[in-house]
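Here is a short report for a reader meeting this structure for the first time. Please look over the sequence and the model before reading on.

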Amino acid sequence: MKQLIQKLKETQTLTKKEWRTLIEHRTPELSEYLFSEARKVQKHYYGNRVYIRGLIEFTNFCKNDCFYCGIRKSNGHICRYRLTKEDILECCQIGYPLGFRTFVLQGGEDGFFTDEKIIDIVSSIKSNYPDCAITLSIGEKSYESYKAFFDVGADRFLLRHETYSAEHYGKLHPHTLYAKNRQQCLWDLKDIGYQVGTGFMVGSPYQTVENLVEDMLFLKALNPQMVGIGPFIPHHDTPFHNFPQGSLELTLFMLALIRLMLPKVLLPSTTALGTIAPNGRERGIMAGANVVMPNLSPNNVRKNYMLYDNKICTNSEAAEGIEQLKTQLQTIGYEISVSRGDSLN
């Protein structure tokens, strides 16, 4: 099995059968070996630097009804909110002196935020903070919309493909949503020139090892600049409330495999990892991740952006959160980088 890990490290590719074998026959000992190899690769390209992204969750309205998501359209139990442009700019104003040089605007697919509104927000941030990168995470749009956002200064776009398999995708989403459409959006974003981020859930309902293998093959083909993966965590107000959460151990294993397959990619250690284990985010870094995304959203709305249950949602101010993060990273030998943190991929 170690030979397969070495093959992946040297060639950045495996056959379907080899992927399956590696995932199915992992052991704690093999995982430790894999994490060690992933850290070597991560440090070779990025040193001990961890990049921070300022996450601004600007709307929890969504037109979609994905079966796993806490802000799905038919969840009538959450308090809906939208941030104004002024609110968003205030988040940036708080984040900039703390060292944030990337702002991530994330929200549900909310028709209130027309292309014109998004263009206005992006261009305002860009004119105020020309040295910062702007990342959008606002779902499926047309090629023309993506191009319009790019033309006024959006640099990156995050759109998790969730699962490559059309059949599995159909079990996680209503029949109005298609895996093929989502994947086409990612190819469109790459064509326009965005730094593209995608990813998938680990341990989502009905997921098989075969699904994970297909996800890896898709990532290899797409060759994105960033890959965000995290464990599935159920939300009590969704059809999947009774399904077990995804495993920390398998998520870390997949993170490390991605680091070896796409050595220069940016890999976040996600909030979901920190939610299922107290030291989950640090363990993500030790498995090859090199990005964290602290929350810059106003304290009074954070608890309403609950994609899954028990999401880490401290009411600490951003400055306090950054100091805490610095300390946590120092204990494992890493430091925060004050930079845009562009992908080398």
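This is a predicted model: local features need pLDDT of at least 70, side-chain atom pairs count only at pLDDT 80 or more; totals for chains, interfaces and linings use all residues.

Residues are numbered from 1 along each chain as its sequence is written, and side-chain values use heavy atoms, with hydrogens and water left out.

Helices (H or I, at least four residues) and strands (E, at least two) are DSSP runs, numbered from the N terminus. Buried means under 20% relative accessible area, exposed means over 50%, and partly exposed lies in between, with a 1.4 Å probe and protein chains only.

In H1, the buried residues include Leu-4, Ile-5 and Leu-8. They sit on the same side of H1, because they cover an arc of only 100° around the axis. The arc is that of the directions from the helix axis to the C-beta atoms. Gln-3 and Glu-10 are exposed, on the face of H1 turned away from its buried side. The cover over the buried residues of H1 includes H2, H3 and H10. After H1 comes Gln-12, with a positive phi near 60°.

Helix H2 spans residues 16-24, and its buried residues are Glu-18, Trp-19, Leu-22 and Ile-23. Seen down the axis of H2, these residues fall within an arc of 125°, so they line one face of the helix. They pack against helix H1 (2-11), helix H3 (28-46), helix H9 (209-222) and helix H10 (248-261). Contact here means heavy atoms within 4.5 Å.

**Strands**

Two strands pair if DSSP finds at least two bridges between them. An open sheet of three strands has the order E10-E1-E11, with parallel pairing. Its edge strands are E10 (291-292) and E11 (335-337), and each pairs on one side only. Strand E1 covers residues 49-52.

Elsewhere, E3 and E4 also run parallel. Strand E4 (residues 133-137) is mostly covered, with five of its five residues buried. Which way do the residues of E4 point? Ala-133, Thr-135 and Ser-137 point one way, and Ile-134 and Leu-136 the other way. The table lists the pairings.

| Strand pair | Bridges | A facing pair |
|---|---|---|
| E1 and E11 | three bridges | Arg-49 and Glu-335 |
| E1 and E10 | two bridges | Tyr-51 and Val-291 |
| E3 and E4 | five bridges | Gln-106 and Ser-137 |

**A loop residue**

Asp-65 lies in the loop between E2 and helix H4 (85-95). Is Asp-65 buried or exposed? Asp-65 counts as buried, because its relative accessibility is 18%. Leaving out residues up to four places away in sequence, Asp-65 touches Arg-72, Lys-73, Ser-74 and Pro-174.

**Cavities**

On a 1 Å grid over the protein atoms alone, a cavity is a set of points where a 1.4 Å probe fits but cannot get out, and lining residues have an atom within 4 Å of a point. Grid points are joined across faces, edges and corners, and a volume is the space filled by probe spheres set on the points.

How many cavities of 30 Å³ or more does the structure hold? There are five. The largest cavity has a volume of about 1,000 Å³. Its lining holds 47 residues, and Gln-106, Ser-137, Arg-160, Glu-162 and Leu-307 lie nearest its centre. At least two lining residues each come from strand E2 (54-59), strand E3 (102-107), strand E6 (195-198), strand E8 (226-227), strand E9 (230-231) and helix H11 (271-276). By class, this lining has 24 nonpolar, 14 polar and nine charged residues. Ala, Val, Leu, Ile, Met, Phe, Trp, Tyr, Cys and Pro count as nonpolar, Asp, Glu, Lys and Arg as charged, and the others, Gly among them, as polar.

The second largest cavity holds about 50 Å³ of space. Arg-53, Arg-156, Leu-158, Gln-195, Val-196, Gly-197, Gln-225, Met-226 and Leu-266 line the second largest cavity. E6 gives the largest share, three residues. The lining of the second largest cavity divides into four nonpolar, three polar and two charged residues.

Terms used
On a 1 Å grid over the protein atoms alone, a cavity is a set of points where a 1.4 Å probe fits but cannot get out, and a pocket is an open set with protein on both sides within 12 Å along at least five of seven lines; lining residues have an atom within 4 Å of a point.
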